[in-house]
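Dear colleague,

Please find below the structure that I am handing over to you. My findings follow directly after it.

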Amino acid sequence: MSRRHRRQDMSSYAEFYRQSIDQPDVFWAGQAQLIDWHKPFDRVCNDDKPPFVHWFEGGLTNLCHNAVDRHLQDRADQAALICVSSETRQEKTYTFRQLLAEVQRMAASLQALGVQKGDRVLIYMPMMAEAAFAMLACARIGAIHCVVFGGFASGSLASRIDDAAPKVIVSADAGSRGGKVVAYKPLLDEAIRLSSHQPDAVLLADRQLAPMALVAGRDHLWAKLREKHFDAQVPCEWLDSTAISYTIYTSGTTGKPKGVQRDTGGYAVALAASMKHIFDGRAGETFFSTSDIGWVVGHSYIVYGPLIAGMATILYEGLPTQGMDGQPDGAIWWSLVEKYKVTGMFSAPTAVRVLKKQDPALLKKYDLSSLRALFLAGEPLDEPTARWISEGLNVPIIDNYWQTESGWPILAIANGIEKKPGRFGSPGVPMYGYKVKLLHESTGEELTRPGEKGVVVLEGPTPPGFMQTVWQDDARFVNTYWKTLPGKTVYSTFDWGIRDKDGYYFILGRTDDVINVAGHRLGTREIEESISGHAQVAEVAVVGVADALKGQVAMAFVVPKDSGVLHDNAASLKLEGEIMKRVDSDLGAVARPARVRFVTALPKTRSGKLLRRAIQAVCEGRDAGDLTTMDDPAALQQIRDQVAAA
Ligand code: ATP
Ligand code: MG
């Protein structure tokens, strides 16, 4: 292909996508040049035994080398890791050179505690620099990290310790949330007591936030080991592309979390490619993802992705509404965008809804001219929220849809290839490498007409970066996700969606969130979208509740902008009536909720996702199931009280 042709081909996203599907080997071999290989691969894609896929077999590489070492040549003294905590009121920037030194100190410390290639290291930490050092150090020496969200308590942590069987656990004395210290060490001690697996050693960063009792022979202080290994030189272990880099658990929104296992080379390529093509990130710039290292977004777009791209990344500890002086400040994020000249930002709709309750003038307080786009993922992004933030910040909002399992966006707008406005309410189009299909839920037939609702599935082979399997449970991987249909096996996302005539997808909710009212199938998302359009609604959750007559009816729980409604019977009846009318006119009477109830908060997972299954269970008088990932138990209690009072 001539150079002129290639340039022409790549100028449109449709062409780019088509090549990824028609000539995947050529396409991915090209993308693989975005990272460093110690030894080139022999085979691009091995899917001889579907649904298992091996990318870049025969190649040797290392995630830490690609994220840190390789940038020393061009940008050793540029910012790499920017740690900002509005909890401890500390702010510190590590250059690539300094980051490399810290990572080597951590790597040497882990080795001194007995960690070798293939061993698991469980990381249970708040959003502090050492958490990133530990992840990168594991990658450096070929240990498998398993980051457990720092907000989990002993029970959840214990089950993950047993599942991962770590040789070493890295943790800290405490985290802090909203100015309140949360001691981690007692939770960790209790979790180790509860688990049958026992780690050989625990490495602890002492932030001096809470007293720590050390267990002799087992517990070690990072400060001491760091001092001892201050000048350590720990070379990168060259790993097979297919070597396991980490395991991570899904959010647990639909039940027991699944341990997702990821490779090395495919993941590195996927991240390098997505930083360029989707996030339009450029070396030397700053990326700010507001997620937590405990979630997949934190792995891909706080730690590895931006660093692989040669960007500085902000690791922020604290609420979106709290200033560096500890006082309320709904503009803290925007102040960071101005200060660090952030060009790409990544957050979640749930965080934007929190900001939506603040004065909109806060969005204009700082100079945000460096910012080129705000990416949002994790949950359906309702149109009013998308418009509010888009107009407030005056940047494109790029909703992107993916899962812990995929590691990077499945649906999005490839902002680095084509600056095309997205569509409110839609997370965009299939990303390169993903063969996205909609299937009829019961017949499995492929739906091709615009506007038909179906289950969102992926046809194999899944692209680089996608999960390899469920950690130590191939059978669970195959049985949970893969369905065999005539002529093909497909991966189910368990999400429900439609595609419009231009190929844009809309996610309507999870397959188990579909409501069947007298034979009509409705996504909870459709009803929520309609309700959230009401000016007085801050947040809403809709669930289907068993009904003797209709099969199921919709039930809505609304957080009103003005909580006064909760104590004013006339006002709440009036608002309920208005909301019902709105749904009637948007979707038809069949979608109208049987009741609209008002609450001050909705039950969510710690990653900010609505726990509809728990709300539904409470409404149906059932046990709410596994609630270990729930954030605020009081929110579910409000719903229990409301249901009991009815
Ligand atoms: P579990 O799998 O344990 O039940 P989970 O599915 O919430 O938990 P994640 O992998 O964190 O765990 O979340 C992925 C899910 O989040 C998707 O399957 C989808 O339901 C939802 N989601 C993510 N991004 C979007 C988006 N942009 N629009 C709509 N839904 C989204
Ligand atoms: Mg899921």
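In this predicted model, residues 526-609 carry the UniProt annotation "domain: AMP-binding enzyme C-terminal", which comes from an unreviewed entry. This span is 31% helix and 30% strand, and its end C-alpha atoms lie 17 Å apart.

Helix α17 comprises residues 524-532. Buried here means under 20% relative accessible area. Because 9 of the 9 residues of α17 are buried, the helix is largely enclosed by the rest of the structure. The buried residues of α17 include the charged residues Arg525, Glu526, Glu528 and Glu529, and Thr524, Ile527, Ser530, Ile531 and Ser532 are also among them.

A further UniProt feature, "domain: AMP-dependent synthetase/ligase", is placed at residues 69-462, again by an unreviewed entry. Over residues 69-462 the chain is 29% helix and 23% strand, with 29 Å between the end C-alpha atoms.

I also examined the second largest pocket, which holds about 570 Å³ of space. Its lining consists of 23 residues, of which Gln90, Tyr94, Met128, Ala129 and Glu130 are the closest to the pocket centre. By type, the lining residues divide into 12 nonpolar, 8 charged and 3 polar. At least two lining residues are supplied by each of the strands β4 (79-85), β5 (90-95) and β11 (201-205) and by each of the helices α7 (129-141) and α10 (222-228). Strand β5 provides the largest share of the lining, with 4 residues.

With kind regards

Notes. Residues numbered from 1 in each chain as written. Chains lettered and ligands numbered in written order. Predicted model: local features only at pLDDT ≥ 70, side-chain atom pairs only at ≥ 80, totals over all residues. Heavy atoms only, no water. 1 Å grid on protein atoms, 1.4 Å probe; cavity = no way out; pocket = protein on both sides within 12 Å on 5 of 7 lines; lining within 4 Å. Points joined across faces, edges and corners; volume = space filled by probe spheres on them. UniProt positions renumbered as here; feature names shortened; annotations may be inferred. Buried < 20%, exposed > 50% of the residue type's maximum accessible area, 1.4 Å probe, protein only.
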